[in-house]
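Welcome to this short tour. Have your viewer open and your selection tool ready.

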Amino acid sequence: MSRRKLAAGNWKMNGLAAQLAEIDALVNACPAPGCDVLICPPATLIAPMAQRAAGSVVAVGGQDCHARDSGAHTGDVSAAMLRDAGASYVILGHSERRADHGESDADVRAKTEAAWAAGLVAIVCVGETEAQRDAGEALSVVGAQLAGSLPDGATAANTVVAYEPVWAIGTGRTPSNDDIAEMHSHMRARLAERFGAEADGMRLLYGGSVKPGNAREIFGLADVDGGLVGGASLKAADFAGIVEAAG
Ligand SMILES: O=C(CO)COP(=O)(O)O
């Protein structure tokens with residue numbers, strides 16, 4: 001099965017209106033990429049970025065959503081609101097949200113259902129800590145996160161999985177190619193057990209210190225269908241190199 005790769009940028013809590021110019025630069029640098037391109041800015045920039053990127057190859061996504069559509073949840077944003085602002089994807093269960101906001105697998109599963117109901121593609125994040133990897137638990141931890149975070153009904157069209165080892169995020173360290181390939185093959189097998197043939201088409205991203213210099217090698221590994229990129233997605237010049245590597 002040939003899966004079109006996805007180069008996804010997660011701006012995290014970075015970006016003011018002035019940074020929207022990076023979108024123009026990215027579109028200019030990658031007029032006809034051979035992969036899907038996505039930027040997930042902070043919530044404040046989703047609508048203006050979506051307007052700026054309209055008609056271009058760049059899709060826009062959120063970084064989190066509430067599990068409910070609306071209501072008394074001060075400070076939260078619903079999946080329907082993200083969609084209304086122009087998003088087509090949402091990142092869910094990022095390790096920073098699991099750590100900073102105590103999000104559990106059950107929370108991520110509920111948010112994923114909300115994202116699907118609003119017509120968004122869910123990018124569900126999983127990944128082990130360094131202590132878990134050192135203890136030989138990486139595969140089992142990620143398998144359990146997948147089982148708990150994905151609702152029934154996941155398809156190649158509504159779900160992307162991002163493997164982001166916590167210890168590789170923002171550190172400049174990455175797992176070995178063998179370790180990445182082993183994890184992605186493990187994830188594909190677990191997904192196939194549960195979702196059958198849909199697993200074959202699901203995109204599995206690697207995230208954690210992806211840079212223009214290592215993207216081509218990582219994206220060339222079996223079962224790696226692109227990347228979820230933090231720091232190197234903030235500058236169009238860097239991210240364009242990653243898009244190129246995915247295309
Ligand atoms: O957390 C990440 C993307 O969601 C990865 O961040 P870095 O690319 O900055 O390591």
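In which strand is N10 found? Select residues 6–10: this is β1, and N10 lies in it. (Strands are DSSP runs of E, at least two residues, and helices are runs of H or I, at least four, numbered from the N terminus.)

Two notes before moving on. Residues are numbered from 1 along each chain as its sequence is written. The model is predicted, so local features need pLDDT of at least 70 and side-chain atom pairs count only at pLDDT 80 or more, while totals for chains, interfaces and linings use all residues.

Stay with N10, which is buried, with 26 C-beta neighbours inside 10 Å. (Buried means 20 or more other C-beta atoms within 10 Å, exposed 12 or fewer, partly exposed in between, with C-beta atoms placed from the backbone.)

Next, select W11, in the loop between β1 and α1. W11 is buried too, with 20 other C-beta atoms within 10 Å.

For the last stop, select helix α8, residues 177–195. Its buried residues are I180, M183, H184, M187 and L191. They fall within an arc of 95 degrees seen down the axis, so they line one face of α8; the arc is taken from the directions from the helix axis to the C-beta atoms. On the other side, D178, A189 and E193 are exposed.

Definitions and conventions
The expected span of a helix is 1.5 Å times one less than its number of residues.
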